[in-house]
Amino acid sequence: MKTVNWAILGLGDIASSFATSFKAPNATLYAAGSRSLEKAKAFTEKHQIENAYGNYDELLNDQAIDIVYIATPHSHHYDLIMKSLQAGKHVLCEKAITMNGTQLKAAMDLASEKHLILSEAMTIYHMPLYHKLKELVDGGTIGKLKMLQVSFGSLKETDPTNRFYNKALAGGALLDIGTYALSFTRFFLNSQPHEILTTMNLFETGVDEQSGIILKNKDNEMAVVSLTFRAKMPKRGIIACEDGYITVDDYPRATSATLTRPDGKTELIEAGNSGEALNYEATALTDWILANKKDPFLPLSYDVLTIMDTVRERWGLHYDFE
């Protein structure tokens, strides 16, 4: 069977975690690229990767590379996705996959034209627990889905120069932690929300510091999403159905959930290993490449981005480079 050769673009913390956990069957971590050859060589030596590139274009010109994992700040994702696809590479890109739905649609069209896979590195779509929970909710044994409550609060140091608050790097809670909350939400909703209510507070740099979002779709399913960069809140998702609700804590890489029935009886649901979260992504992409399949979750990523587009439009929050 063919071995799929992977390369990493952007060598920060998440790239190091990806390389450390990488052990996808029928795949090799073949190359890593940075804007600094010294940094690329240090990374490849640390992770025992054969090829180091100090230039993104040189890496993309390597015909042996099948797929690129893009791990740069999300302000740079779109340009690197388009370059990678033009170079004939499949792409797994960190969240948020692009800045907006228009960019993602253009990337999706190019991927389709080139017969390449484009995918967002959203752990929620790949953790085994979520496929188990989705089967439970869709199976109807706990009644119809009614309401989702999703929170994510991360206490970030108020340094206006770091990427979380830097408007030049597309900072703000929505495009950082909000992608997890909205991906959790859209994964369980049976259709895209058509009603959106929202409000937010701005940080001094002009990015969103915290927000509340209420969603409703044509199936009369609703969701309430709470985000903040200035207070710690549990990463908790609640899936409320007519005959029970499911609580998922630490949901970005969750391996367990609790089903609570109306009478108060509970049931623990478990699946997967949080330490394997990034490797689940790598394994799925490798399998799709070998089977010549598309990413079944990319339409959900597009839906999430269009929700965020509407939310930011309501806020009047735009980035100069979009």
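This is a predicted model: local features need pLDDT of at least 70, side-chain atom pairs count only at pLDDT 80 or more; totals for chains, interfaces and linings use all residues.

Colleague: Which residues lie nearest the centre of the second largest pocket?

Modeller: That pocket has a volume of about 320 Å³. Helix H5 (101–114), helix H9 (277–291) and helix H10 (298–315) each give two or more residues to its lining. The lining has 16 residues, and nearest the centre lie Ala 111, Ser 112, Leu 116, Ile 117 and Lys 294.

Colleague: And the largest pocket: how do the residues of its lining divide into nonpolar, polar and charged?

Modeller: About 700 Å³ of space lies in there, and helix H1 (residues 13–21) gives the most to the lining, with three residues. Glu 94, Lys 95, Arg 163 and Asp 176 are among the residues nearest the centre. Counting the whole lining gives ten nonpolar, nine polar and ten charged.

Colleague: On to the rings: what kind of aromatic pair do Tyr 130 and Phe 187 form?

Modeller: Tyr 130 is in helix H6 (residues 128–139) and Phe 187 in helix H8 (residues 178–188), 57 residues apart. Their centres are 6.1 Å apart, with 80° between the planes. Planes over 60 degrees apart count as edge-to-face, so the pair is edge-to-face.

Colleague: Which residue lies over the face of Phe 187?

Modeller: Phe 187 is buried, as is Tyr 130, and ring pairs link both into a cluster that includes Phe 184 and Trp 288. At 5.9 Å from the ring centre of Phe 187, over its face, lies Lys 134.

How values were computed. Residues are numbered from 1 along each chain as its sequence is written. Side-chain values use heavy atoms; hydrogens and water are left out. Rings of Phe, Tyr and Trp (its six-membered ring) pair if their centres lie within 6.5 Å; planes under 30 degrees apart count as stacked, over 60 as edge-to-face and the rest as tilted. Helices (H or I, at least four residues) and strands (E, at least two) are DSSP runs, numbered from the N terminus. Buried means under 20% relative accessible area, exposed over 50%, partly exposed in between (1.4 Å probe, protein chains only). A charge sits over a ring if NZ of Lys or CZ of Arg is within 6 Å of the ring centre and within 35 degrees of the ring normal. On a 1 Å grid over the protein atoms alone, a cavity is a set of points where a 1.4 Å probe fits but cannot get out, and a pocket is an open set with protein on both sides within 12 Å along at least five of seven lines; lining residues have an atom within 4 Å of a point. Grid points are joined across faces, edges and corners, and a volume is the space filled by probe spheres set on the points. Ala, Val, Leu, Ile, Met, Phe, Trp, Tyr, Cys and Pro count as nonpolar, Asp, Glu, Lys and Arg as charged, and the others, Gly among them, as polar.
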